[in-house]
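Welcome, and thanks for taking a look at this one with us. Below is a short tour, arranged by topic, to read alongside the structure.

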Amino acid sequence: MSDGYNNSKKTDDICEDVCGQGSKAAKTISRLKCVLKGFDLRTYLFLFVLMPFGILAIYLHGQKFTYFFRPLWESPPKPFQTIPHYYNENVTMEALCSLHGWGTRESPRRVFDAVLFSNEKDLLTVRWKELYPYVTQFVILESNSTFTGLPKPLVFNSNKDQFKFVEPRLTYGTIGGRFRKGENPFVEEAYQRVALDQLLRIAGIEEDDLLIMSDVDEIPSAHTINLLRWCDDIPPVLHLQLKNYLYSFEYYVDSKSWRASIHRYSPGKTRYAHFRQSNVMLADSGWHCSFCFRNISEFIFKMKAYSHSDRVRFSHYLNPRRIQDVICKGTDLFDMLPEEYTFKEIIGKMGPVPRSYSAVHLPSYLLDNAEQYKYLLPGNCIREKQTGFI
């Protein structure tokens, strides 16, 4: 036999002799030494460099890997049937309804705008000012609990003076939170949406009235609501395609927001919800301004309070300086990849959202009061550091 084989055999024999001697602890250490003597350099690199690095990478960026490979395990939803949207302020309502393939009513339908409220005072003001000319009744439900079970003050109740302009048409209700630790936040959200159904009945909604179902930050345009209240034969459930903005109207993301919907109310059948309820969508119907807050404290509150709070994977995500930096760069608060269904779309949207310098076709109240709401307009990314909700 070769010398190499003999040397290896001798080493094994020595290991066996050593492992058989001494105390139990000494034997364990000896065994470990013997095992390690059999490893080459590449094995050491794998065990003590590559493996720990891989574990750390999965811990820090595992969510990104999951989102990037999403096209492999999840198919895109069925496409909407999108209805082209026609509008010009100089065109008659009869002509506009006809362009959409609808008839014209002798009188407009009543309109109910219903929302769950958390703490978005500014956006609620912009929303209600936009819709005020055409809404019959504003319905708002507020809880003393977030969807994640955190206690919160009744922000709307404490700021009613700010909304006196809707007081004659306002139905306001409150609901106590259940504060169930560890429960899926979507359960609490569904519980509050069911309560909103009851509040709508108290508000006096009737068959064939129009009901707007959307979050506070999903704002239908006034002319869209006016069109739908005057036109006959519109779909019983119609989703609204909204322009997606992030942090303000400076960062235009895309036009893929679809959860807002408008319903021809049917007693016993219509249920307030925030998921897909039909396959028909009206194009270019308003704005969705996500995480559009005046104060850094409001960002922190929502990150901890809303249904996707599990995205706060590390405590430093809530650092005010980091949040301010993220807002001005147009990057993601949760350091996530885009939620898309093709590699092309994911790669195309990676990185910061490009700045937009257009403030054309935004809610009129926002532009009429630009100084008061300048943080929502292009060129004003710095946020206030005020704490609290009010």
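With which residue does K349 form a salt bridge, and how far apart are the closest N and O atoms? The partner is E340, and the closest N and O atoms of the two are 2.7 Å apart. Please keep in mind that this is a predicted model.

**Overall picture**

- The protein chain has 13 helices and 14 strands.
- Of its 390 residues, 44% are buried.
- Among contacts with a separation of 6 or more, 73% are between residues 24 or more positions apart.

**Salt bridges**

- The count of salt bridges comes to 25.
- Returning to the opening pair, K349 is partly exposed because its relative accessible area is 27%, whereas E340, at 7% relative accessibility, counts as buried.
- A network built from salt bridges with shared partners joins R105, R109, D208, D232 and R264.
- R110 pairs with D209 in a salt bridge whose closest N and O atoms are 2.8 Å apart. This pair links distant parts of the chain, 99 residues apart: R110 sits in the loop between β2 and β3, and D209 in the loop between α8 and β6.
- The relative accessible area is 31% for R110, which is therefore partly exposed, and 7% for D209, which is therefore buried.
- R178 and E188 form another salt bridge, with 3.1 Å between the closest N and O atoms. R178 lies in the loop between β5 and α8 while E188 belongs to helix α8, so the pair ties together parts 10 residues apart in sequence.
- R178 is partly exposed, with a relative accessible area of 22%, but E188 counts as buried at 3% relative accessibility.

**Aromatic rings**

- There are 19 aromatic pairs in the structure.
- One of them is the tilted pair of W128 and F138, with 5.1 Å centre to centre and 50° between the planes. W128 is in helix α6 and F138 in strand β4, 10 residues apart, and both residues are buried.
- F156 and F163 form a stacked pair, at 4.9 Å centre to centre with 25° between the planes. F156 counts as buried at 0% relative accessibility, and F163 does so at 2%.
- These four residues belong to one aromatic cluster that also includes F117, Y132, F165 and Y172.

**Charges over rings**

- K129 lies over the face of F165, 4.0 Å from the ring centre.
- K302 lies over the face of F291, at 4.7 Å from the ring centre.

Notes
Residues numbered from 1 in each chain as written. Predicted model: local features only at pLDDT ≥ 70, side-chain atom pairs only at ≥ 80, totals over all residues. Heavy atoms only, no water. Helix = DSSP H or I, 4+ residues; strand = E, 2+ residues; numbered from the N terminus. Buried < 20%, exposed > 50% of the residue type's maximum accessible area, 1.4 Å probe, protein only. Contact = heavy atoms within 4.5 Å. Phe/Tyr/Trp six-rings, centres within 6.5 Å; stacked < 30°, edge-to-face > 60°. Lys NZ or Arg CZ within 6 Å of the ring centre and 35° of its normal. Salt bridge = Lys/Arg side-chain N within 4 Å of Asp/Glu carboxyl O.
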